[in-house]
Each structure stands twice: as structure tokens, then as C-alpha cells.
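Reader: Please show me the model, and then let me ask what stands behind the terms used to describe it.

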Amino acid sequence: MSVDQKMDCGRRRLLLATSAAGGALGVAAAVPFVASLTPSERAKAAGAPVEADISKLAPGEMMTVEWRGKPVWILHRTPEMLESLKKTDDRVSDPKSEKPMQPGYAQNEGRSIKPEYLVVVGICTHLGCSPSEKFKTGAESGMGADWPGGFLCPCHGSTFDLAGRVYKSKPAPTNLEVPPHKYLTDATLIIGEDGAA
Ligand code: FES
């Protein structure tokens with residue numbers, strides 16, 4: 001196997017699922033991709049950074065990649081979704097992600113390097129359930145007339161906005177985790193590596 005091939009194995013693409021906004025496909029659709037890997041590939045995949053091609057991720061769509069056995073959501077936010085963050089600023093408990101558990105590039109309103117792309121671990125920070133997409137807004141969402149879109153953890157009712165910020169007075173103690181990540185190009189994200197010391 002050439003060096004290039006080995007590197008390619010190390011950065012095996014782990015794109016698992018893409019779902020349209022409001023669609024039913026979410027983390028539950030993250031099939032156990034590891035079943036198709038050899039034991040040594042599995043070991044590598046367990047810790048290796050993961051490359052995600054976001055070139056076809058349209059505004060309003062979210063995709064899921066698996067990194068270290070966790071689902072990582074990449075949401076391409078529309079201008080309306082970004083606008084909704086202004087409305088939720090005073091409804092969330094840590095609007096600027098100041099709790100010292102997030103990379104510096106998550107300490108802003110959108111919790112992101114690029115405003116339009118949210119990258120978070122799709123695991124509730126309460127007891128580890130998988131929140132569901134609730135991207136519809138208003139009464140149609142079933143979340144109340146003033147729901148601006150976000151995520152709902154069905155286990156104990158924690159709600160998160162479209163930056164993964166937890167609403168006040170909910171069981172989840174912190175915002176959804178932003179994993180280390182960086183952009184290789186405008187179309188390619190690396191999850192699990194950010195170049196920070
Ligand atoms: S695990 Fe999400 S609210 Fe409890």
C-alpha cells in the first residue's frame with residue numbers, strides 16, 4: 001500500500017447521513033458504519049480526525065458524521081436561522097459559551113468559525129440522549145407559537161437553539177459541545193483537529 005493510500009485510510013470519509021431540515025432522518029439514521037471496517041481500521045477510526053465534504057450541504061440541511069463514536073452534526077444555517085439567534089440570546093443560559101469547556105472559536109453568538117455552519121456533538125449534555133431536530137418554527141413545530149427552531153432532547157425536555165445553546169432552566173447544564181474542527185477548504189471540514197496547541 002502506498003503512503004498516499006495509507007493516508008487516505010487514515011482519513012476515511014465517514015459521512016453517514018444527510019437530512020433535510022424538518023425531515024425525520026437524524027442521528028437515529030447513523031448506521032453503524034464501523035461494521036464495514038476491519039479491526040485495525042476501526043481502531044484508527046476511533047481516534048482519527050474525520051473529513052466531511054460539505055459541498056452539497058444546502059442551506060437548511062444538516063448532515064451527521066461520526067467522530068470517536070459520537071454523532072457530530074453539521075448544520076448549514078440559513079439567514080433566517082442565524083437571525084433566530086438574536087431572539088434566543090436572552091432565553092439561553094450561556095449565550096456566549098463562556099463556560100470553559102468550548103474552543104475559543106465557539107465563544108460567540110453562533111458558536112462557530114463560519115456563521116453559516118454550526119458544528120456540534122449531537123449528544124445532550126444532561127445524560128447523553130440524542131436531541132431531535134425541531135427546525136420548524138412557530139405553532140407548526142409543536143413546540144409553541146414562539147419557537148424559533150432548534151433541538152429538543154426527548155429524555156427530560158432540554159431545548160437548544162440553532163447554535164446548540166441550552167435554554168435556561170433546563171436539565172442540561174451546558175451548551176452542546178463544539179468539537180475541535182477546522183476548514184481544509186471551503187468545501188471540506190476536518191472534525192477532531194483544529195491546530196490549537
Ligand atoms: S438527557 Fe437530555 S434532557 Fe436529560
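What follows is a set of questions about those terms, with answers.

Author: This is a predicted model, in which local features need pLDDT of at least 70 and side-chain atom pairs count only at pLDDT 80 or more, while totals for chains, interfaces and linings use all residues. Residues are numbered from 1 along each chain as its sequence is written.

Reader: How many helices and strands does the protein have, and what makes a run of residues one of them?

Author: The protein has three helices and 10 strands. Helices (H or I, at least four residues) and strands (E, at least two) are DSSP runs, numbered from the N terminus. From that end the order is α-β-α-β-β-β-α-β-β-β-β-β-β.

Reader: What makes β2, β10 and β9 a sheet, and in what sense do they pair?

Author: Two strands pair if DSSP finds at least two bridges between them. β9 and β10 (residues 188-191) have four bridges in the antiparallel sense, so the pair meets the requirement of at least two. One of the pairings joins Thr185 to Thr188 in β10. The three strands form an open sheet in the order β2-β10-β9, with antiparallel pairing. β2 (50-53) and β9 (181-185) are the edge strands, each pairing on one side only. On average, neighbouring strands of this sheet are turned by 30° against each other, direction ignored; such angles are taken between axes, which are lines fitted to C-alpha atoms (for helices over the stretch in contact), and run from 0 to 180 degrees between N-to-C directions.

Reader: Why are β6 and β8 called edge strands?

Author: β6, β7 and β8 form an open sheet of three strands in the order β6-β7-β8, with antiparallel pairing. β6 (132-134) and β8 each have a single partner strand, so one side of each is left without a neighbour in the sheet. Three bridges join β6 to β7 (residues 150-152), and these strands run antiparallel. Glu133 has Phe151 as its bridge partner in β7.

Reader: Why is Ala172 called buried, and what is it in contact with?

Author: A residue is buried if 20 or more other C-beta atoms lie within 10 Å of its own, exposed if 12 or fewer, and partly exposed in between, with C-beta atoms placed from the backbone. Ala172 has 22 other C-beta atoms within 10 Å, so it is buried. Its place is in the loop between β8 (159-160) and β9. Two residues are in contact if their C-beta atoms, placed from the backbone, lie within 7 Å. Leaving aside neighbours within four places in sequence, Ala172 is in contact with Cys124, Thr125, His126, Cys153, Ser158 and Val166.

Reader: How do you know that the buried residues of α3 line one face?

Author: The buried residues of α3 (residues 79-88) are Met81, Leu85 and Thr88. Seen down the helix axis, they fall within an arc of 70°, so they line one face; the arc is that of the directions from the helix axis to the C-beta atoms. On the other side of α3, Pro79, Glu83, Lys86 and Lys87 are exposed.

Reader: What is meant by the largest nonpolar core, and which elements give two or more residues to it?

Author: A nonpolar core is a set of buried Ala, Val, Leu, Ile, Met, Phe, Trp, Tyr and Cys residues joined through C-beta atoms within 7 Å. The largest has 30 residues, and Ala52, Val65, Val72, Ile74, Val119 and Ile191 have the most contacts inside it. The elements giving two or more residues to this core are β2, β3 (62-67), β4 (70-76), α3, β5 (117-121) and β10.
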